[in-house]
Amino acid sequence: MTLYVAINTKIKFTRFWLNSNTTSKSVNTVLPKDLILQEIHHRIKNNLQIIISLMNIELEEGQSINIEEFVKKSQTNIVSIALIHKILSETNDSNRIDFKTYLTELTNNIKAIITISGETLLFKIDTNNIELETKAAINLGLIVNELIMNSYKYAFDNQDEKIITISIYENNGQYEFHYCDNGKGYIVEKKPNTIGMNIIDMLIKQLRGIRISNQDISTHYNFNFPNHLN
């Protein structure tokens, strides 16, 4: 079954994302639990709109959409943001996320959603103790989700062992993000534009990031972004 729909929302998404990132001031001090919860509830409302906007972009840009793929993509986008709020509710800092914990939980949840029984999909998480600003973590979570969905759909050809490696390190005031899989690969710059890649580029731009070209055989996606977004 396919679904045909056209909704003009790409500009709305960009505009809303910028507004949602500027209306809530960063909190660099430890706050009482009730104030943290108020901040979390405010961000949940904003981030639900982000999910809706992402779904609408998929519907707008795709001439035909596979319902199963669309539902799984929507599920993983929701999970990527829901986990942020779960972690925030368990900490005294409303503005920073332990990214290794988040990334581990996120990849486990995505794996549970997209794989079938008996299928092997391994994630290798390589990072030191990094605490990211919340809005950076949200962007990276959505980027990771898009990249994993792309790898799962395009990179693996009946491989017995599917491996995805994700690393992020801090170096001289910059974060270095690296993603690769062990599939058949493609050169990012030569791959035709897809909705997912357009969304990734938009999210990287909001991080003030710079994508790094890579000519490896397997799929690599690398970019740098500053460790402070304010």
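Modeller: A nonpolar core is a set of buried Ala, Val, Leu, Ile, Met, Phe, Trp, Tyr and Cys residues joined through side-chain atoms within 4.5 Å. Buried means under 20% relative accessible area, exposed over 50%, and partly exposed in between, with a 1.4 Å probe and protein chains only. This is a predicted model, in which local features need pLDDT of at least 70 and side-chain atom pairs count only at pLDDT 80 or more, while totals for chains, interfaces and linings use all residues. Residues are numbered from 1 along each chain as its sequence is written, and side-chain values use heavy atoms, without hydrogens and water.

Biologist: Which residues of the largest nonpolar core touch the most other members?

Modeller: The core has 43 residues, and Leu132, Leu140, Ile143, Ile168, Phe177, Phe223 and Phe225 touch the most other members. Elements giving two or more residues to this core include α3 (67–89), α5 (134–155), β7 (174–181) and β9 (220–226). The largest share, ten residues, comes from α5.

Biologist: What makes a stretch a helix or a strand here?

Modeller: Both are DSSP runs, numbered from the N terminus: helices are H or I with at least four residues, strands are E with at least two. By that rule the chain has six helices and nine strands.

Biologist: How do you know that the span of α6 agrees with its number of residues?

Modeller: The expected span is 1.5 Å times one less than the number of residues. Helix α6 (residues 195–206) has twelve residues, so it should span 16 Å; its end C-alpha atoms are 17 Å apart, which agrees. Its buried residues are Gly196, Met197, Ile199, Ile200, Met202, Leu203, Ile204 and Gln206. After α6 comes Arg208, with a positive phi near 60°.

Biologist: Why is β9 called largely enclosed?

Modeller: Six of its seven residues are buried, so the rest of the structure largely encloses β9.

Biologist: What makes two strands a pair, and with which strands does β9 pair?

Modeller: Two strands pair if DSSP finds at least two bridges between them. β7 and β9 have seven bridges, in the antiparallel sense. Strand β8 (residues 210–212) and β9 have three, also antiparallel. Phe177 stands opposite Phe223 in β9, and Ile210 stands opposite Asn224 in β9.

Biologist: Which residues does Phe225 touch?

Modeller: Contact means heavy atoms within 4.5 Å. Leaving out residues up to four places away in sequence, Phe225 touches Leu132, Ala136, Leu140, Ile168, Gln174, Tyr175, Leu207, Arg208 and Gly209. For the chain, 74% of contacts between residues at least 6 apart in sequence join residues at least 24 apart.

Biologist: Is Asn145 buried or exposed, and how do you know?

Modeller: Its relative accessibility is 0%, so Asn145 counts as buried. Asn145 lies in helix α5. Beyond its neighbours within four places in sequence, Asn145 contacts Lys73, Thr76, Asn77 and Ile110. In the whole chain of 230 residues, buried residues make up 47%.

Biologist: Why is the contact of Lys72 with Glu68 called a salt bridge?

Modeller: A salt bridge is a side-chain nitrogen of Lys or Arg within 4 Å of a carboxyl oxygen of Asp or Glu. Lys72 and Glu68 have N to O at 3.4 Å, so the pair meets the rule. Both lie in helix α3, four residues apart, about one turn of the helix. Lys72, at 19% relative accessibility, counts as buried. Glu68, at 53%, counts as exposed.

Biologist: What does the salt bridge of Glu69 and Lys153 tie together?

Modeller: The N to O distance of Glu69 and Lys153 is 3.1 Å. Glu69 lies in helix α3 and Lys153 in helix α5, so the pair ties together parts that are 84 residues apart in sequence. Glu69 is partly exposed, at 37% relative accessible area. Lys153 is partly exposed as well, at 46%.

Biologist: Where do the partners Lys162 and Glu119 lie?

Modeller: Their closest N and O atoms are 3.4 Å apart, in a salt bridge. Lys162 is in strand β6 and Glu119 in the loop between α4 and β4, so this pair, 43 residues apart, links distant parts of the chain. Lys162 has 10% relative accessibility and so counts as buried.

Biologist: How many salt bridges does the rule give?

Modeller: The count comes to seven. Salt bridges also link Lys86, Glu90 and Glu105 in a network.
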